[in-house]
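Please look at the sequence and the structure first.

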Amino acid sequence: FGGFMMKRIRRIFPPYMLAVLFFAVTRLLKQHISHSNLWHPSLQQWVQNLTLTQWVSLVFSPQTEASQNPVLFVASFWSLNYEEQFYLVMGLSLLMAYRFNVAIIKPVIGLLVAGIIWNLFVPGGWVTGFFLEYWVHFALGSLLYFVMCVYPGRKNQLAFIGAMLLLVIYCLMQIFPWRGADALVEKRAFIELGLLSVVTIVLLLIRSLDQQITSSRLWKPLAMVGTISYSLYLVHQFNLKLVGTITGIVVPTGFPEIMAIATGLLLHIMIGALFWRICERPFQSVNQKVVHDLV
């Protein structure tokens with residue numbers, strides 16, 4: 001359990017800490033230049049952001065969206081809170097499997113059922129930051145791994161597809177009848193689960209096309225974006241204004257909007273790639289050495 005959690009911490013926290021530091025420095029510089037004092041986080045906010053425990057504040061003060069948590073330095077970091085809890089739950093499941101010989105798939109399925117029940121009674125508009133709200137999302141990916149790599153028999157895969165189709169039908173029954181724009185919040189959980197169930201089925205069905213996909217010309221750029229995706233996630237939000245300003249200069253008003261969108265995406269990828277090279281890749285090399293030593 002300790003080794004598993006330590007490897008997760010080594011993988012996630014160093015780039016995250018550097019991203020938080022980068023954000024803090026840019027806020028302080030902005031305040032110095034503009035002679036304002038708009039950003040002055042409390043000690044509690046510093047502690048929660050440095051330990052990824054911002055979700056604790058949501059438990060006592062629920063919001064419509066997890067990203068609306070006032071404790072967050074960067075709104076997009078809301079999802080890392082759930083990821084941290086996911087790894088903790090999976091680490092405890094590993095410990096349970098070792099100590100009591102309980103297959104890890106059992107707690108995954110048990111919590112999947114609990115998560116569906118949670119979403120049924122609290123479908124939207126009240127987010128506490130607790131992992132159970134998003135456990136079903138993580139569980140779908142976990143079960144996809146199990147049915148691909150641990151229990152890859154055809155019967156198991158067909159049963160899995162059947163279960164996913166039932167989940168899609170269940171979500172559609174919860175979504176309709178549609179009641180206007182407010183339903184986006186009220187039915188958010190079921191909209192997300194329905195879409196993710198379809199994506200999960202597609203991923204399983206195209207597994208046989210792995211070789212064709214990875215040998216295509218599109219694979220290398222897609223794989224490159226996948227490689228830097230964590231860094232891109234960490235720095236994209238507080239570079240939106242910078243990217244927008246540069247895009248406005250490079251693509252003046254009057255040019256097709258698609259050119260501005262493509263330029264903005266390219267700039268975000270370039271910034272993410274630079275951050276990955278400086279702030280994430282060095283720690284990946286350390287992680288690989290640690291894993292090698294453990295083996």
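## Terms and basis

A residue is called buried under 20% relative accessible area, exposed over 50%, and partly exposed in between, with a 1.4 Å probe and protein chains only. Cys171 is buried, at a relative accessible area of 1%, whereas Cys149 is partly exposed, at 46%. A disulfide is a pair of cysteine sulfur atoms within 2.5 Å, and a search of the whole structure finds zero disulfides.

This is a predicted model, in which local features need pLDDT of at least 70 and side-chain atom pairs count only at pLDDT 80 or more, while totals for chains, interfaces and linings use all residues. Residues are numbered from 1 along each chain as its sequence is written, and side-chain values use heavy atoms, with hydrogens and water left out.

## Nonpolar cores

In soluble globular proteins, nonpolar side chains tend to be buried together. A nonpolar core is a set of buried Ala, Val, Leu, Ile, Met, Phe, Trp, Tyr and Cys residues joined through side-chain atoms within 4.5 Å. The largest one here has 49 residues, of which Tyr16, Phe77, Leu80, Trp135 and Leu234 touch the most other members. Helices are DSSP runs (H or I, at least four residues), numbered from the N terminus. Those that supply at least two residues each to this core include helix H1 (2-34), helix H4 (78-100), helix H6 (132-150) and helix H14 (257-294). The largest share, ten residues, comes from H6.

Contact means heavy atoms within 4.5 Å. Leaving aside residues up to four places away in sequence, Leu80 touches Ile12, Tyr16, Leu52, Tyr230, Tyr233 and Leu234. Another core, of five residues, lies apart from the largest one; among its members are Leu58, Ala66, Tyr82 and Val127.

## Aromatic rings

Rings of Phe, Tyr and Trp (its six-membered ring) pair if their centres lie within 6.5 Å; planes under 30 degrees apart count as stacked, over 60 as edge-to-face and the rest as tilted. The structure holds 24 aromatic pairs. In one of them, the rings of Phe86 and Tyr87 have centres 5.4 Å apart and planes at 55°, so the pair is tilted. Phe86 and Tyr87 are both buried. Tyr170 and Phe190 form an edge-to-face pair, with 5.8 Å centre to centre and 75° between the planes. This pair links distant parts of the chain, from Tyr170 in helix H7 (residues 154-175) to Phe190 in helix H9 (residues 188-205), 20 residues apart. Tyr170 is partly exposed, at 22%, whereas Phe190 is buried, at 2%.

Ring pairs also link residues into a cluster that includes Phe4, Trp55, Phe86, Tyr87 and Trp135.

## Two loop residues

Which residues other than glycine have a positive phi? Leu52 is one of them, with phi near 55°, and Asn101 is another, also with phi near 55°. Leu52 sits in the loop between H2 and helix H3 (55-60) and is buried, at 1%. Asn101 lies in the loop between H4 and H5 and is exposed, at 71%.

## Gln45

Gln45 is found in helix H2 (residues 43-51). Not counting residues up to four places away in sequence, Gln45 touches Pro70, Val71 and Phe73. The C-alpha atoms of Gln45 and Phe131, 86 residues apart along the chain, are separated by 20 Å.
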